[in-house]
Amino acid sequence: MNGNEKLSARAYWAIGMMLFALFFGAGNLIFPAALGQHSGDNVGWALFGFVLTGVGLPLLGVVAMGYSSCKDVEELASRVHPIYGLIYTIALYLSIGPMFATPRTGTVAYEIAIKPFAEGLHMNMEPIFLAIFFGVSLWLSISPHKLVNRIGNILTPALLLVILLLIVKSFITPIGGYALPQPAYGDAPTAVLQGFLDGYNTMDALASVVFAILVIDFVRLSGATNHEVITKTVMEVGAIAVGLLGIVYVFIANIGATSVERFGLFDTGAPVLSTSANYLFGDFGQIILAIIVLLACLSTSIGLITSCGTYFHKLTPKISYKLYVVIFSVALSMFGLKTIISAAIPVLMLLYPLTIVIILLALINDVFGGRRCIYAWTIGLTMISALMTGLETAGIAPDALEGLFTQYIPFQAAGMGWVSFAILGFIVGLIHKGLVSENK
């Protein structure tokens with residue numbers, strides 16, 4: 001097709017379903033289930049906040065990449081400075097790749113889908129499972145151009161079909177009534193804020209700028225060349241993906257909200273899903289849940305390994321894409337993951353605010369003429385708060401400094417202190433823009 005033509009309806013849905021599956025890991029089931037349990041009859045307000053960050057931010061990330069005309073995340077982040085662009089992008093890919101998100105796909109898949117069936121074997125099946133899981137991920141990641149067919153046309157419909165089975169049964173056989181909300185969700189404003197913060201846990205905003213590159217590539221492979229057509233198509237495909245996410249979140253949160261009366265309150269969403277599936281379907285329920293989790297984790301693992309392999313091959317072309325994919329997959333299937341995951345959390349607390357801010361700046365780039373000083377000041381001051389949050393999460397923040405931030409920085413106690421720094425940085429950047437020449 002030429003640059004002014006649209007993709008076929010089938011291509012739209014295939015790419016949209018692929019993007020949904022890439023986003024939708026086991027965490028996207030666990031976190032809304034836990035939110036439902038803890039928010040009780042305020043689940044609607046909590047979901048409103050959750051959808052803003054769990055659905056809205058990923059959509060903005062995908063749209064921002066399409067609108068920016070940047071070929072990759074590094075080019076976008078380099079609007080701050082080329083060195084920052086390189087460091088930020090490497091940190092982002094390592095975090096959503098081998099440091100955190102990709103290992104989590106294997107670990108969560110084992111804990112929920114395999115471990116309940118392996119408890120009577122009196123042996124640790126996790127290394128064997130991880131080797132198989134990431135071996136399959138490797139096989140499906142070797143040919144990235146086949147992702148739309150393998151995920152969009154095969155894995156995603158299967159995943160949605162099994163989720164639909166769970167949702168429909170929850171309405172046919174209601175688990176219980178709505179419980180009273182926990183203190184963090186005690187009234188509408190607090191429920192919205194807590195839900196907003198809970199949405200961070202999905203990590204989809206971080207992944208959105210990475211997965212968007214895959215989507216843009218597939219849109220171009222389908223024949224689109226015009227920037228406006230690509231941007232519009234990416235936005236529509238992104239809307240399909242996050243729309244499906246939002247629908248699943250609503251119904252899974254409802255299952256959680258109606259489960260407390262019968263099962264009590266759980267610490268995490270995993271046992272919520274497990275006990276609810278068992279109640280709704282008996283022993284067969286655990287099999288249904290295992291299928292959902294395995295498909296969700298496998299789809300996300302494939303997308304993350306593919307994205308990381310593509311970027312690092314571009315960074316060091318002497319090492320082939322296939323070798324990078326093998327390195328990531330083999331390493332993940334052979335070594336322990338929990339220590340890596342724990343160590344990576346402070347890094348994520350640093351990267352999330354920086355990612356949100358770069359997405360927002362990309363979307364309003366034309367408003368301030370794309371001036372580097374705006375990017376530099378806004379990201380620079382945001383980083384101050386993000387670094388502090390990372391240090392707090394790691395438990396190594398100086399007590400005096402932590403106290404000052406909590407006392408004087410708005411929203412710091414709620415984990416949103418970076419908002420004030422970002423606004424201040426943007427204002428300072430605008431002042432700088434007015435005082436210096438246009439090329440700075």
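A salt bridge is a side-chain nitrogen of Lys or Arg within 4 Å of a carboxyl oxygen of Asp or Glu. The model is predicted, so local features need pLDDT of at least 70 and side-chain atom pairs count only at pLDDT 80 or more, while totals for chains, interfaces and linings use all residues. Residues are numbered from 1 along each chain as its sequence is written, and side-chain values use heavy atoms, with hydrogens and water left out.

Side chains of opposite charge can pair when their charged atoms come close. A search of the whole structure finds 4 salt bridges. In one of them the side chains of D72 and K314 meet, with 3.1 Å from N to O. D72 lies in the loop between α3 (43-68) and α4 (73-77) and K314 in helix α14, so the pair ties together parts that are 242 residues apart in sequence. Helices here are DSSP runs of H or I with at least four residues, and strands are runs of E with at least two; they are numbered from the N terminus.

Are the two partners buried or exposed? Buried means under 20% relative accessible area, exposed means over 50%, and partly exposed is in between (1.4 Å probe, protein chains only). D72 has 7% relative accessibility and therefore counts as buried. K314 has a relative accessible area of 40%, so K314 is partly exposed.

E75 and K71 form another salt bridge, with the closest N and O atoms 3.3 Å apart. E75 is partly exposed because its relative accessible area is 32%, whereas K71, at 53%, counts as exposed. In a further salt bridge, the side chains of K232 and E236 meet at 2.5 Å, N to O. These two residues are 4 residues apart in helix α11 (residues 227-257), which means that about one helical turn separates them. Both ends are partly exposed: K232 has 40% relative accessibility and E236 has 27%.

The next topic is aromatic rings. A pair of aromatic rings is described by the distance of the centres and the angle of the planes. Rings of Phe, Tyr and Trp (its six-membered ring) pair if their centres lie within 6.5 Å; planes under 30 degrees apart count as stacked, over 60 as edge-to-face and the rest as tilted. How many aromatic pairs does the structure hold? There are 16 aromatic pairs.

One of these pairs is Y93 with F312: the ring centres are 6.4 Å apart and the planes stand at 75 degrees, so the pair is edge-to-face. The pair links distant parts of the chain, with Y93 in helix α5 (residues 82-99) and F312 in helix α14 (residues 284-315), 219 residues apart. Y93 is buried, because its relative accessible area is 4%, and F312 counts as buried at 10%. Y93 and F312 also belong to one aromatic cluster with Y311 and Y324.

F405 and F421 form a stacked pair, with 5.9 Å from centre to centre and 10 degrees between the planes. F405 lies in helix α18 (residues 399-408) and F421 in helix α19 (residues 418-435), so this pair ties together parts that are 16 residues apart in sequence. F405 is buried at 11% relative accessibility, and F421 is buried at 13%.

A ring can also meet a charge. A charge sits over a ring if NZ of Lys or CZ of Arg is within 6 Å of the ring centre and within 35 degrees of the ring normal. The charged end of K169 sits over the ring of F281, 5.7 Å from the ring centre.

Helix α17 (residues 372-394) has 23 residues. The expected span of a helix is 1.5 Å times one less than its number of residues. The buried residues of α17 include C373, I374, Y375, L381 and M388. Just after α17, G395 takes a positive phi of about 75 degrees.

On the surface, L121, M123, I128, I132, V136 and W139 form a nonpolar patch with about 610 Å² of accessible area together. Patches are made of residues with over 30% relative accessible area and no salt bridge; like charges are joined within 9 Å, and nonpolar side chains (Val, Leu, Ile, Met, Phe, Trp, Tyr) within 5 Å. Accessible areas come from the Shrake-Rupley method with a 1.4 Å probe, and for residues only the protein chains shown count as cover. V136 is found in helix α7 (residues 126-141) and counts as partly exposed, because its relative accessibility is 31%.
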